[in-house]
Amino acid sequence: MTPNSERSENKKDISADLNSISETLVETIREPILILNEDFELVNANHGFYKVFEIKDSHSLEDKLNGESSFKKLKSAISAGLQEAESVKGLIFTANLPGSQHKKFSVNASFLNSSGLILISFLQGKVENSDKLESFNEIFSQAPAMICILRGPEHIFDRANENYFKVVGDRDIIGKSVREALPELEGQGFYEMLDGVYNSGKPYIGSEIPAKIDAGGNEFKNSYLDFVYQPILDAEGEVSGIFVHAIDVTEKVTAKRKLVESENELRYLIDTVPAIIWITGTEGKNQYLNKNWYEFTGQTVDNAKDFGWLEAVHPEDRKRVGKSFLKANNAREEFHDSFRLKDKNGEYRWVLDSGSPRYNADGEFEGMIGTVIDVHEEKLKEQLIREKEHRIRSIIEEANVATALYTGKEMRIEMANEAMIDLWGKEKSVIGTTLHEALPELEGQPFHDLLQEVFTTGKTYWGKEDPVDLVIDNQLQTGYFNFTYKALRDEKGEIYGILNMAIDVSEMVHSKELLKDSEARYRQMADLMPEKVFNINANGKVIYFNQGWLEYTGLDKAEFEKKGLDSFIHPSEKEEFNRNWQYSLQTGSDFEMELRYLNKKGKYKWHLNRAEAIFDENGNIQVWICTATEIQKIKAEEKRKEDFLKLVSHELKTPVTSIKGYVQLLLSMLKKKDDIPLSSMPFETSLKRIDQQIVRLTRLISEMLDLSRIEKNKLVLQKERFSINDLVSDTIQDINYTNTNYNIILTNEFECDIYADKDRIGQVLINLVTNAVKYSPVNQDIEVKIQKSAKNKVAVSVKDSGIGIDKENLKKIFKRFYRIDFKNEDTYSGFGIGLYLANEIMKRHNGKISVESEKGKGSIFTFTLDIA
């Protein structure tokens, strides 16, 4: 075979590739373009050529080029011109168009470098020096593909268009080999492909070949390319280089792979999804049911055909479900229904059936597609959930703490009890609205963000004494609250709402602020106080003491600190003090104890020692506030009273014994009535006075004994159920026997039984009535009234019109040994323990005694007890 024949054969081998190249080139030019090979055979023509010359297809074009004389002459002129020069410009060509039309064109022709292709452009009219297509370089640079030309066996870059430079990162590649210019291609097979094309002379066509190229900035771009490696032959038919034409198809490959992955995933999901999938036609008839349907129902394909699937639906649900489905199908609407479906064991289970209309690419309705999900357990749990919700609602509504429930990210108020609504200063109409709508004043405060964070993370938020601005009574008010935001989760563990509980601690916060403000004044005041004041830290160390300690001990500050407080405590009380004090330090409980401290004169004096802990915001002890109040005089007074009581008790028994002896004497005189005339004996007067003294002395002795029992906590109550009305009536009747000058009136506004010690309650009543008699020397009217007091309580009041009690003494009247000073002690005698005992008896009955009085206008004493 000759070189020419070999060259011709090679041309035929690469003609297909040149056609691809020519198509890319001619599409960049709007003017009519014609591309021929070296034998002036048609390779390609652009849209503009077909349009201008009114040619329908390539066969018609070939007939025109080879059949019309005008085109034959044109090809001859171009062939002659190209033998003398590299290009032909300005040939005038007259074309015979349909309809006997004649148009003139200015024709330019040139070789496309060494590709063997001839590019011919047609410019309508007489156009000289046209700049529409100056050369192949313009076509080369304007081509939308990536194009380059490689020379020699080393594949040296001869030229490359702009698109090629963009792909390789605008590197300096001209004059360099491919291996030198693009080293990152090592191992990707491109060097070997180029060598194969150059050595074999055969083109290589790559389709969707992956390439990893350095795009600049140390960034590698993974691309997929469609490309042609076309060998370039010289005049002798030898390969002198390679024409590279490449198109980036990364997007197409990526999309194709995603489509394949999506299809595979869809198939997998359909096979593995734990649900029944169905597809119907335009008339609603069953077209497809996945295997889960047949496994669940036990139906066969024939059983479920068309509307046969309805046979598996519970008879009570079948008509409703069929009607609902056809309605959705005919209206092209979504379908949702819940019904009972029979399984292969013949048992019915609740399922949820959902479907949507499906359309083809042209938007035409093709039927419905949907799923059936077993919701039997969920359906059975609905009742339990409803009951649970009812219980939650009841708990929230009845809670004393302000409580509300918000649902969804929009924080819609699902529930709120009266305490929370009152706290907000709103009405119940806010329930159902969002928190933004109900409390617009929260905008700009952190609470909406806190709620969203809890809703997102599920972490409970604890607010402690947080300030909140709320509009209450049309005024913006600041309050302080301890509150919680707790996330609520459904059975799947997903957060669906937030429970909010809040306590108003505004008063406590204000108290703390006042406490802090007063600390500065505390030390100053402590030094001015007559009491001994000291502070102790959480570890039990004295950190402050006032001037009172230094004056009491006669020491200066340094000496007092060196000796320590313990050194001044009486040895007999030190052990008990340390034991009690350690307990308070460990528990934070208040400390109170009476003990003796050594003074500067070497004497021990009694003090009442008190200590109270101050806690910080975290509940830890911050400091102890301690005081030591001298009670030496009080202790002495108590000792005197104790001695006095013993003495009185002893002395009171002596007159009783004497009176008893006197009575016995009178009795003995009566036995000798024959010797002594009875008329000379003062029986009546003597016996009355003796009786009065006995009653008085006996009462005083009883009071003293009761006082002793109370102090020793040995007062025993003998409780029983009895009529309070009968007790009061009988007691008044007894008193009337010895106080005939007084008018005691009983008013029964309420009758009931009580459960109490009858004698002790009678004792209280006798004390109050006899006091009324004693302190009413002028007005003899005494009124006793029984009436209902509050819920399940009865009140007995004793009213007199006597001397009354002033305000100063009202607060002290029930204290032990307290007596109002009178000018005439004989008129109002007593030891000051009657009302004290009455008050103690009421306390032990969980009752209460009170007094209303005004100087000179009488008094009303009232005791209150529980109704049996």
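Predicted model: local features only at pLDDT ≥ 70, side-chain atom pairs only at ≥ 80, totals over all residues.
Visitor: How many helices and strands does the chain have?

Guide: Helices (H or I, at least four residues) and strands (E, at least two) are DSSP runs, numbered from the N terminus. Here the chain has 26 helices and 32 strands. Of its 868 residues, 40% count as buried; buried means under 20% relative accessible area, exposed over 50%, and partly exposed in between (1.4 Å probe, protein chains only).

Visitor: How do I read a helix pair, and at what angle do α24 and α26 pack?

Guide: Two packed helices are described by the angle between their axes and the distance between the axes. The axes are lines fitted to C-alpha atoms, for helices over the stretch in contact, and angles run from 0 to 180 degrees between N-to-C directions. In this model, α24 (residues 758–774) and α26 (residues 834–844) pack at about 145°, with axes 10 Å apart.

Visitor: Which residues of α24 and α26 meet?

Guide: Contact means heavy atoms within 4.5 Å. From α24 come R760, I761, Q763, V764, N767, L768 and N771, and they meet G834, L835, L837, A838, I841 and M842 of α26. By class, this contact has eight nonpolar, four polar and one charged residues. In that scheme Ala, Val, Leu, Ile, Met, Phe, Trp, Tyr, Cys and Pro are nonpolar, Asp, Glu, Lys and Arg charged, and the others, Gly among them, polar.

Visitor: Is α26 mostly covered or mostly open?

Guide: Mostly covered: nine of the eleven residues in α26 are buried, including Y836, N839 and E840. After α26 comes N846, with a positive phi near 55°.

Visitor: What about aromatic pairs: how many does the structure hold?

Guide: Rings of Phe, Tyr and Trp (its six-membered ring) pair if their centres lie within 6.5 Å; planes under 30 degrees apart are stacked, over 60 edge-to-face, and the rest tilted. The structure holds 29 such pairs. W309 and F325 form one that is edge-to-face, 5.9 Å centre to centre with 85° between the planes. W309 lies in the loop between α11 (301–304) and α12 (315–331) and F325 in α12, so the pair ties together parts 16 residues apart in sequence. Both partners are buried: W309 has 9% relative accessibility, and F325 has 2%. Elsewhere, F49, F53, F71, F93, F105 and F122 form one aromatic cluster.

Visitor: Where do charges sit over rings?

Guide: The test is that NZ of Lys or CZ of Arg is within 6 Å of the ring centre and within 35 degrees of the ring normal. K532 lies over the face of Y552, at 4.3 Å from the ring centre. Likewise, the charged end of K635 sits over the ring of W606, 4.5 Å from its centre.

Visitor: Which residues does F190 touch?

Guide: F190 belongs to helix α8 (residues 190–200) and is buried at 4% relative accessibility. Leaving aside residues up to four places away in sequence, F190 touches L185, I209, P210, A211, F227 and Y229.

Notes: Residues numbered from 1 in each chain as written. Heavy atoms only, no water.
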